[in-house]
Amino acid sequence: MTAIASDTSAARRPISFAFLAQVILIANSFIMLYPVVVMVLSAFKTTGEIFEHPFALPDFTQVQNFAKVLGETAMPTYFINSLLVTGMSVLLILVLGTMAGYAVARYESRTNTFILLFFLAGLMLPLKLAVIPLFILLRDLGLLDSRWSLIVTYTAIGLPSAVFIMAGFLRTLPSELEDAARIDGASEPRIMWSVMLPLARPPMAIAAIQNAVPIWNDFFFPLVFIQTDSRKTLPQGLTSFMGEYTTDWGMLFAGLTIAAAPITLLYIALSRQFIQGMTAGAVK
Amino acid sequence: MHVPHRQPQSMKRRLWVAFLVVPPIVFMSLFVVYPILSAFAYAFYDWQGLARGEFVGLKNFREVLFGATMAPVVWNAFLHNVYALVALMIVQNGGGFLLAWLLYKEPFGFRFHRVAVFVPVVLSTIIVGFLWKLFLNPNFGIVNQALYSLGLDALAKPWLGDSATALGALILANAWHFVGFPTLVYLAGMQRIPSEIIEAARLDGTTEWQLLKNIVWPLVAPSTTILFTLLFIGAFNWFEIPYVMVGLDGSPFGSTDVLGLVFYRTAFGNQSASIQNFGLGSALATLLFLFIVVFASMLTLWLRRREIQF
């Protein structure tokens, strides 16, 4: 650090700047990762060990906390519910989003502007604030306290952005492709399914990740819609779990670690796609 | 590009296009448009539990804004939302801008730092909230444990139990959770700046600070517009972090109460006092909604104009 203070000559400044930048970046990455590391390490400790040696390395063969979380709590059920809800919502978002996006992008129609404006409005409105009427609507439809209540809500929230992502991409495909297929006598559904959609996998992946992560992590809608324990999703189930084991810190950290593991590992494996997908709305 | 046999197929094709657009539009109308329109209507009625009572005009709105029991709570919470917004603009968006600038030069370990800063972003807010709640525990949390082991016992505090520090702790937990998002959005914005511009400025002997202030900051204005608008909407919808870390009542003594908590307590009740008032809840949601729409549009327009000026 003294090098920066004493050496102000212009020629040396880039070096000291690079040094300072490295220090800040390493400190920041440490702050970002260390809490996650402590969480995982603590999951291998007993509560007594956490209290006495919070920063020590644990004995990694002590996996009884994990065994207990997976064997004696409802965590596996919550996990399956989260998988079902996220999977179904993303599937519906992709199907409905591709349908509307395809129609707007590939067929000229006077209603296209109207359709796009309609979905643009959906993109802007925070549905969270309409949770009371949504609650009553779902009750009237008999969907309250079911996984479907979450699936339709998430689909409604995610659909507009998927329409824009799909339409934006599909519009860029050359029309020679479909013209050639039309001359060969292919039907419109055939053209969409066999000619155009196989080319549209990259935007589908972006739309899928952009929606899957917030759906997987959402807590607000399950909190309002779901009461039955066996239908709770992971973030919501985690609150019941944390309330149940308040004093058993080893269990708490093991529960948090298990809840965080799937998405963190997936992120590390597919970081480029995650970053691209999750910032897709804010990066043109 | 004219398709030769469009006319004979037009009826069939129109049906096909309708098949494509009608289901998504019906779905959106049912689960987005209808609830949002009803949200406005519900605010004008009296509610007994889940049953809608008589039309009461603006009574619910008056109660939310000026009522003796509700208004002080609402305004107290509103101030905390404003406080969180300002603090997060500086810490989260400002910090993200600086980190992006450091990453933009692709220093040693660039790829690692870029992945690391985004790790907390992919975690559920519930996990982040519980994690920091445990870390900030007065006796056994690693924050105070670290202060003790450094001999800084005087600085150790019951962070979430002290009304002077609780809101700040929530804001910092939120910043830890999300700083990676503005960082990578700004980084993408900077990477779109033509490198000749920055090279030319460097050759002119521009200082780092001038480069940042006069060239980079104006040229990433579109990213700023989006990030500030998203943060604005997020700050006034703030719910999960406070809910998990300090509970529904915004303890201690309402020092962390925010509008999201007030809304949830009003509309869906809480464990201690199971009252449920959809009328007041809808009025609060409607006001919050109008506030967000009006201010977010104004903010966007102002930031857009700023983009053009540069």
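**Talking through the two chains**

A: The secondary structure of chain A comes to 15 helices and 0 strands, and please keep in mind throughout that this is a predicted model.

Q: Okay, and what is the secondary structure of chain B?

A: Chain B comes to 14 helices and 2 strands. Those strands, β1 (residues 45–48) and β2 (residues 51–55) of chain B, run antiparallel and are joined by 3 bridges.

Q: Which residue stands opposite Tyr45(B)?

A: That is Phe55(B), which belongs to β2(B).

Q: And how many residues sit between the strands of that hairpin?

A: There are 2 residues between β1(B) and β2(B), and in this hairpin Gly49(B) takes a positive phi near 60 degrees.

Q: Which residues other than glycine have a positive phi?

A: Two examples are Asp145(A), with a positive phi of about 60 degrees, and Glu106(B), with a positive phi of about 45 degrees. Most residues other than glycine have a negative phi.

Q: Where does Asp145(A) lie?

A: Asp145(A) lies in the loop between α7 (131–140) and α8 (147–170) of chain A. Because 14 other C-beta atoms are within 10 Å of Asp145(A), this residue counts as partly exposed.

Q: And Glu106(B), is that one buried or exposed?

A: Glu106(B) counts as exposed, because Glu106(B) has 11 C-beta neighbours inside 10 Å. As for its place in the chain, Glu106(B) lies in the loop between α3 (70–104) and α4 (110–122) of chain B.

Q: While we are on the backbone, where is there a cis peptide bond?

A: A cis peptide bond joins Ser251(B) and Pro252(B), with omega at about -5 degrees, and Pro252(B) is placed in the loop between α12 (240–246) and α13 (259–268) of chain B. In general, most peptide bonds are trans.

Q: Changing topic, how many residues of chain B are in contact with chain A?

A: On the chain B side there are 69 residues in contact with 71 residues of chain A. Helix α1 (residues 10–42) of chain B gives the most to that side, with 18 residues.

Q: What kinds of residues are on that side of chain B?

A: The side of chain B that touches chain A divides into 56 nonpolar, 9 polar and 4 charged residues.

Q: What does UniProt say about chain A?

A: An unreviewed UniProt entry annotates residues 79–270 of chain A as "domain: ABC transmembrane type-1". The record also places the feature "transmembrane region" at several spans of chain A, including residues 148–170 and 191–213.

Q: I clicked on Arg171(A); where does it lie?

A: Arg171(A) lies in the loop between α8 and α9 (176–183) of chain A, and it is exposed because it has 11 other C-beta atoms within 10 Å. Arg171(A) and Tyr107(A) are 64 residues apart in sequence, while their C-alpha atoms are 9.8 Å apart in space.

Q: How is chain A divided into domains?

A: Chain A is divided into domain 1 (2–67) and domain 2 (75–244), and the C-alpha centres of these two domains lie 38 Å apart.

Q: What about the overall dimensions of the chains?

A: Along its principal axes, the C-alpha trace of chain A spans about 75 × 65 × 35 Å, and that of chain B spans about 80 × 70 × 35 Å. Chain A has a radius of gyration of 25 Å, whereas a compact globule of 284 residues would have one near 19 Å. For chain B the radius of gyration is 25 Å, but a compact globule of 310 residues would be near 19 Å.

Q: Last one: how much of each chain counts as buried?

A: In chain A, buried residues make up 43% of the 284 residues, and in chain B 40% of the 310 residues count as buried.

Terms used: Residues numbered from 1 in each chain as written. Chains lettered and ligands numbered in written order. Predicted model: local features only at pLDDT ≥ 70, side-chain atom pairs only at ≥ 80, totals over all residues. UniProt positions renumbered as here; feature names shortened; annotations may be inferred. Contact = placed C-beta atoms within 7 Å. Helix = DSSP H or I, 4+ residues; strand = E, 2+ residues; numbered from the N terminus. Nonpolar A, V, L, I, M, F, W, Y, C, P; charged D, E, K, R; others polar. Pairing = 2+ DSSP bridges. Domains from an automatic or database assignment. Rg over C-alpha atoms; globule rule 2.2 N^0.38 Å. Buried ≥ 20, exposed ≤ 12 C-beta atoms within 10 Å, placed from the backbone.
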